[in-house]
Amino acid sequence: MHWILTPPDAFTLTQVIRRSQWLLQPPFSVNRAKDHLNRVERLASGNIIDVTVSQVAAGLTVQTHEHLGGKDTEEVSHKLWRILRLGENLQPFLETACHVPELETIRQNGAQILRGATLFEDVIKAVLFTLEDKTLPGPRITWLVDRLGDSLPSNPTRHAFPTPQQLLGGQHILNEMFTPAIVSQLVKIAIVFSTAEDHVNTLIQDNSPLDDLTVNLRQLFGLDLAALGLVMLSLGRYDYIPTDSYAQQRISQHQKGQNVTSHDIHAMFDPLQPWGGLAYWLWDWSAVPHHPRGKPWKV
């Protein structure tokens with residue numbers, strides 16, 4: 001079966017896929033032409049389905065091999081709305097970005113960044129993406145999905161992202177891949193989402209003060225600064241500017257080895273608030289010239 005979702009006027013699926021290459025980890029996949037987004041999804045009804053999204057003149061076509069009832073169809077639509085950030089209005093950011101040379105790639109790749117179907121997925125992936133060995137996030141995520149997620153009935157080699165309960169039930173399996181400290185953190189996150197999801201939803205309301213939100217999320221999930229940056233990106237809190245050691249290193253490398261502090265990073269991106277954090281993630285680091293300390297552009 002298939003149905004149509006109506007995206008914002010400027011939305012382009014191929015741009016989202018192009019912009020989000022590093023986030024296209026299981027259960028996501030794309031076709032060879034990179035214009036169809038595919039995902040295996042576990043629904044609240046227990047159904048495990050294969051969902052494909054493509055763009056046509058009428059909007060976004062959502063297609064499944066299974067025939068879904070009304071509740072399942074609504075759930076899939078709601079999850080895709082979150083995954084593709086269809087409710088976000090980035091036009092004010094785009095108008096600002098056109099004045100910043102290092103954000104010129106937005107013209108080709110857009111500014112929309114893929115995220116998971118749930119915050120639980122995003123938090124788990126954030127932890128795995130930011131482990132000390134950054135060369136293996138894809139294999140680690142694939143391993144987690146394949147070992148603990150429900151298999152697709154029509155193709156048992158493909159799996160949905162595991163639920164908090166499945167992660168808790170597979171704690172002994174996690175020890176095969178992760179250190180005890182990482183296993184403990186993943187289990188802690190799963191416990192929070194299993195027992196206090198309403199509390200989490202209250203914390204992440206749009207009007208939550210930034211400082212309060214970051215403190216609460218770090219304590220709740222045991223996040224370091226690097227993982228926190230990815231979680232804030234997934235929440236659409238684009239006013240959060242990452243200042244972790246990796247952010248400092250990334251900027252330093254493109255400023256001729258100059259020592260960079262969190263203060264310097266804020267000085268660089270604060271002029272773009274409330275979009276400073278989004279600017280950081282979309283910045284073309286290969287094009288960053290050596291700027292003097294302070295405001296490096298005029299907006």
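This dialogue works through how to read several features of a predicted model, from its overall build to single residues.

Reader: Before I look at details, what should I know about the model and its numbering?

Author: The model is predicted, and for that reason local features need pLDDT of at least 70 and side-chain atom pairs count only at pLDDT 80 or more, while totals for chains, interfaces and linings use all residues. Residues are numbered from 1 along each chain as its sequence is written, and side-chain values use heavy atoms, with hydrogens and water left out.

Reader: How many helices and strands does the protein have?

Author: Helices (H or I, at least four residues) and strands (E, at least two) are DSSP runs, numbered from the N terminus. By that reading the protein has 15 helices and seven strands. Its radius of gyration, 20 Å, is close to the 19 Å from the globule rule for 299 residues, so the protein is as compact as a globular protein of that length; the radius is taken over C-alpha atoms, and the rule is 2.2 Å times the number of residues to the power 0.38.

Reader: What share of the residues count as buried?

Author: Buried means under 20% relative accessible area, exposed over 50%, and partly exposed in between (1.4 Å probe, protein chains only). Of the 299 residues, 53% count as buried.

Reader: At what angle do the axes of α9 and α11 cross?

Author: Axes are lines fitted to C-alpha atoms, for helices over the stretch in contact, and angles run from 0 to 180 degrees between N-to-C directions. Those of α9 and α11 come within 8 Å and cross at roughly 110 degrees. Angles under 35 degrees count as roughly parallel, over 145 as roughly antiparallel, 65 to 115 as roughly perpendicular and the rest as oblique, and the two helices are therefore roughly perpendicular to each other. The contact (heavy atoms within 4.5 Å) is made by Q185, K188, I189, V192 and F193 of α9 with Q219, L220 and F221 of α11.

Reader: What should I look for in the backbone of the loops?

Author: Most residues other than glycine have a negative phi, and most peptide bonds are trans. Here the peptide bond from P26 to P27 is cis, with omega near 10 degrees, and P27 is found in the loop between α1 (13-19) and β2 (28-30). Another cis peptide bond joins Q273 and P274, with omega about 10 degrees, and P274 is in the loop between α14 (262-269) and α15 (276-282).

Reader: Are K34 and R85, with their positive phi, buried or partly exposed?

Author: K34, whose phi is about 60 degrees, sits in the loop between β2 and β3 (37-42) and is partly exposed, with a relative accessible area of 40%. R85, with phi near 55 degrees, lies in the loop between α2 (70-83) and α3 (91-97) and counts as buried at 1% relative accessibility.
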